[in-house]
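Biologist: I'd like to learn how to read pockets, helices and sheets in a model. Can you walk me through one?

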Amino acid sequence: MYELFIAMRHLTSRRRQTIFSVLAIGLAVMILMWSQAMMVGFTEELYAMTVDRMAHVTVEPEEDEDYIHLYRKLTEEIRSIDGVVGVSPVIAGQATFEHKDKNKNVVMQGISVEAHDLVLHITDDIIEGSFRDLDAIPNSVVVGDALAEKLDVEIDDTIDASFPEANPASLKVVGIYDSGTPQDATLAITSMSTAQDFLDVSDVVNSILIRVEDRERAQEVSDRIDALGYPASSWKETNPEIIQTLKLEGTSNNIILGLIILIASFGIVSTLFMVVMEKTREIGMLMAMGVSRRSIMMIFVLQSGILGLLGALLGVTLGAALATYMGSFTYEVGEEAMAGISTIPFVVRLQDAVTIVLFTFLLNLIGGLYPARRASKLDPVEAISSE
Amino acid sequence: MSEEKIIEIRDLTRIYGDGAPIRALDGVNLDIERGEFLAIIGPSGSGKSTLLHQIGILDTPTSGTILLNGVDITKMSDRERSRMRNEELGFIFQYHHLLPDFNALENVMMPLLISGVKPSRARKIAREMLEEVGLADREGHRPNQLSGGQNQRVAIARALANSPDIVIGDEPTGNLDSRASDNIYELLRRLNREHNQTFILVTHDEQMAKKTDRIIRLVDGRVVEDSG
Ligand SMILES: Nc1ncnc2c1ncn2[C@@H]1O[C@H](COP(=O)(O)OP(=O)(O)O)[C@@H](O)[C@H]1O
Ligand SMILES: [Mg+2]
């Protein structure tokens with residue numbers, strides 16, 4: 001590979017130009033890598049705040065049925081599916097809550113605390129009292145903070161629940177939670193049997209909520225349950241707008257950053273055009289020594305490829321370092337503004353680094369083709385006698 | 001000496017330009033034998049360089065044929081032409097025709113590396129060549145650290161490194177003083193005897209031409225004298 005030998009020597013002989021080219025590419029790639037780490041981090045964060053706070057898969061009753069009757073068996077079957085980490089059967093219905101002279105229509109959800117916590121991590125949101133008491137104390141309820149405020153209730157207060165066709169009940173408030181969502185004003189959580197008694201149904205549920213280990217595999221799990229005969233839908237089906245938003249932002253961001261690298265690569269290409277002009281006579285000499293036009297081309301394509309590769313490696317390293325460094329800080333300001341995020345959630349991924357390096361390398365190889373072609377098309381006699 | 005023809009040129013014509021065409025070569029016929037040491041002379045613009053470029057496969061004729069070792073070089077692909085230049089031809093130009101980014105040794109190694117010889121072996125051969133031209137102690141110097149005569153010696157070592165059948169030089173002593181010029185001539189002559197390679201030198205130095213075996217004189221792209 002004498003072509004590589006010659007290419008490397010050309011690069012080391014004009015050291016200043018080479019360093020400058022590598023730095024230019026490196027800077028562009030660094031910004032891309034850094035911003036990609038931020039994008040991925042924010043995407044992760046956004047998922048954590050949305051998708052990971054909802055059930056990844058929801059199972060509904062069979063067609064023409066109001067309830068899932070044999071839910072215990074189905075729950076066991078779903079639990080045994082690979083990748084499922086939590087399964088929670090839920091009975092839900094409407095109720096009117098009254099306390100003193102205040103009243104409010106709510107959704108009453110009957111759950112098993114332990115199972116439900118595996119799916120929605122509800123115990124993390126408790127601000128007063130405890131979810132555990134739901135199982136211990138019959139006819140107890142946990143309400144959202146907004147609902148508690150509206151009804152003017154505190155822990156140990158009793159709420160009167162009623163609804164047409166329901167069995168009126170007196171529910172003791174054992175906990176108040178704050179999930180930060182609008183549900184806090186409308187959702188009341190009780191034990192499964194409390195809700196079933198109130199709604200006057202036997203031991204049935206009307207949905208099963210599921211959490212999977214890898215949210216990207218929710219659709220797979222949903223399809224498996226569909227195959228069992230129960231209509232199931234993944235978060236992607238119920239919330240298509242989440243993916244749409246992320247996709248859109250990701251694409252436009254990458255286009256802008258790809259353009260930055262393109263511009264930096266133009267720098268290398270134009271430098272290479274200059275080099276080809278400066279080295280016209282040497283190209284003629286190489287041809288006289290028996291270097292074919294193909295190899296002449298190779299010598300110059302290699303140069304832009306090497307510059308691109310070095311710049312990309314430098315940039316990816318710097319970008320990853322910068323992202324890691326910035327991600328290690330906690331930011332006091334903006335805690336409210338950024339929805340509770342107090343560190344910038346940079347996520348440096350190897351796959352992004354590899355993609356960016358390959359992209360930059362290929363871009364420079366292709367860009368290098370033009371000046372390299374120019375070099376290979378030179379007429380040897382004219383090239384040798386040029387000044 | 002054997003009577004083996006190494007170059008056969010038939011009706012070679014090279015015309016430049018479209019509007020007012022210049023016949024740089026006008027029906028040249030020439031046979032050259034292996035081991036010959038010959039000079040091409042003639043006034044400026046008579047077509048000497050053009051003829052040399054044709055023999056060196058750096059250019060293609062407008063009409064006519066050139067056989068090198070019996071092979072018609074006017075009908076070859078770029079790859080074949082390149083390989084032929086690398087293996088069968090050695091070029092010595094007037095000046096500044098070393099690769100400036102490479103030292104003397106690397107310059108001499110280059111034709112060997114191009115033909116695929118392993119670097120270690122190429123280095124060994126290149127060292128021997130530099131020794132033959134008397135520059136063994138300058139192998140690490142770059143062209144700009146060597147004198148004109150030294151550069152020309154390196155160029156000669158490079159032209160001979162791949163043991164070509166034919167060595168061509170376009171005024172190889174053109175920019176040297178007469179002493180250095182004589183030294184280069186003596187060197188070429190000695191190499192010609194030792195290796196039995198064919199040397200074709202363009203020169204305007206009649207003194208030097210007289211010392212060769214054969215003189216070809218060109219005027220207006222035609223051979224007007226062939227003596228030797
Ligand atoms: N590339 C070219 N384009 C047009 N005319 C050329 C070119 N090269 C050489 N010539 C012309 O061809 C003739 C022979 O040139 P050349 O072989 O260089 O002469 P010499 O080497 O004997 O001085 C001259 O008239 C020269 O001007
Ligand atoms: Mg000339």
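Predicted model: local features only at pLDDT ≥ 70, side-chain atom pairs only at ≥ 80, totals over all residues.

Biologist: How does anyone find a pocket, and what volume does the largest pocket have?

Modeller: Rolling a probe the size of a water molecule over the atoms shows where empty space is left. Here, the largest pocket has a volume of about 650 Å³. Of its 26 lining residues, the closest to the centre include A:Arg53, A:Met54 and A:Leu120. Among the elements of chain A that give two or more residues to the lining are α2 (15-49) and α4 (113-120). The largest share, three residues, comes from β9(A).

Biologist: Why does the largest pocket lie between domain 1 and domain 2 of chain A?

Modeller: Look at who supplies the lining: domain 1 (2-50 + 242-385) and domain 2 (54-235) both give residues to it, so the pocket lies between them.

Biologist: On to chain B. Are the residues of helix α1 mostly buried or exposed?

Modeller: Count them: seven of the eight residues in α1 (residues 48-55) of chain B are buried, so the helix is largely enclosed by the rest of the structure. B:Leu51 and B:His53 are among the buried ones. Just after α1(B), B:Ile57 takes a positive phi of about 55°.

Biologist: And the sheet in chain B: in what order do its four strands run?

Modeller: The order is β2-β1-β4-β5, with antiparallel pairing in an open sheet. β2 (22-33) and β5 (71-72) of chain B each have a single partner strand, so one side of each is left without a neighbour in the sheet. β4(B) and β5(B) pair over two bridges, and B:Leu67 stands opposite B:Asp72 in β5(B).

Key: Residues numbered from 1 in each chain as written. Chains lettered and ligands numbered in written order. Heavy atoms only, no water. 1 Å grid on protein atoms, 1.4 Å probe; cavity = no way out; pocket = protein on both sides within 12 Å on 5 of 7 lines; lining within 4 Å. Points joined across faces, edges and corners; volume = space filled by probe spheres on them. Domains from an automatic or database assignment. Buried < 20%, exposed > 50% of the residue type's maximum accessible area, 1.4 Å probe, protein only. Pairing = 2+ DSSP bridges.
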